[in-house]
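Here's a quick tour for anyone meeting this structure for the first time. Have a look at the sequence and the model, then read on.

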Amino acid sequence: TIVSPLNQIYNISSIDFNVSLNENASVCAFTLNNWQTNYTMSMFNVTYFNYTNSSVSDGNYLAKFYCNDTLGNVNKTASVNFTVDTLYPQISFGNRTALDNSNLSQNFIYVNISLTEINLANITYVIYNDSGLVNSTTYYNATVLVNFTNMQEGNYSYNVSAVDVLNQRNTTQTYHILLDYSAPNGTLIYPVNGNVTNITIQNMTVNVSDNFAIKNATLFIYN
């Protein structure tokens, strides 16, 4: 009987290999690569053998065991599948995501991520504005492109989290973006339209407004 490892995912690289027998044995061994490499197990007693491998790399494995009893009979039928996953999800924003602190004239937020994870459980996209949470959406597959449309003007912050089946979580940076798709408004206050004067020096007064901030204003004069 294979006591360990079990048919499951481990988040540690040190794995115990233990077998319990229903009769006396002289030697037991196992392999992780179909007998290309064999590991001879230590005898705890004549019916229990163990071995600890402290550096099993991440990946999926089929452990095969054999035991030789005192009469020379060999059993090579026992095996178990297991997985080692010690790495947290590797997640970052992709190159199609707007840079942090962007100011864009659009009504959508396009989010693209780069993700590396072989045992993904879910991905969550979260967006906030100045008032609080705007959207939180969780996907149970490797969704790496999301376009949030029909967004109101304003300041937003957003990030993406990935969780694996062992509840190991990683989160991107939090990016910030300003959506400002309304043009600024400018009104000429002085001189008034149609004004005729013999003064060659004129002061121009303009009232300029915007929903957020004015970067600059330029006055054009034609004759």
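This is a predicted model: local features need pLDDT of at least 70, side-chain atom pairs count only at pLDDT 80 or more; totals for chains, interfaces and linings use all residues.

Residues are numbered from 1 along each chain as its sequence is written, and side-chain values use heavy atoms, with hydrogens and water left out.

## The sheet around them

Zooming out, β11 and β13 (residues 109-116) run antiparallel and are joined by 4 bridges. Strands here are DSSP runs of E, at least two residues long, numbered from the N terminus, and two of them pair if DSSP finds at least two bridges between them.

The open sheet has 3 strands, in the order β11-β13-β16, with antiparallel pairing. β11 (90-93) and β16 (145-148) each have a single partner strand, so at these edges one side of each strand has no neighbour in the sheet. On average, neighbouring strands of this sheet are turned by 20 degrees against each other, ignoring direction; the axes are lines fitted to C-alpha atoms, and angles run from 0 to 180 degrees between N-to-C directions.

## The disulfide

How many disulfides does a search of the whole structure find? It turns up 1, counting pairs of cysteine sulfur atoms within 2.5 Å. The link joins C28 to C67, with 2.0 Å from S to S, and is right-handed, at 115 degrees about the S-S bond.

This pair connects distant parts of the chain: C28 sits in strand β4 (residues 25-31) and C67 in strand β8 (residues 59-69), 39 residues apart. Buried or exposed, what are C28 and C67? Both are buried, where buried means under 20% relative accessible area, exposed over 50% and partly exposed in between (1.4 Å probe, protein chains only).
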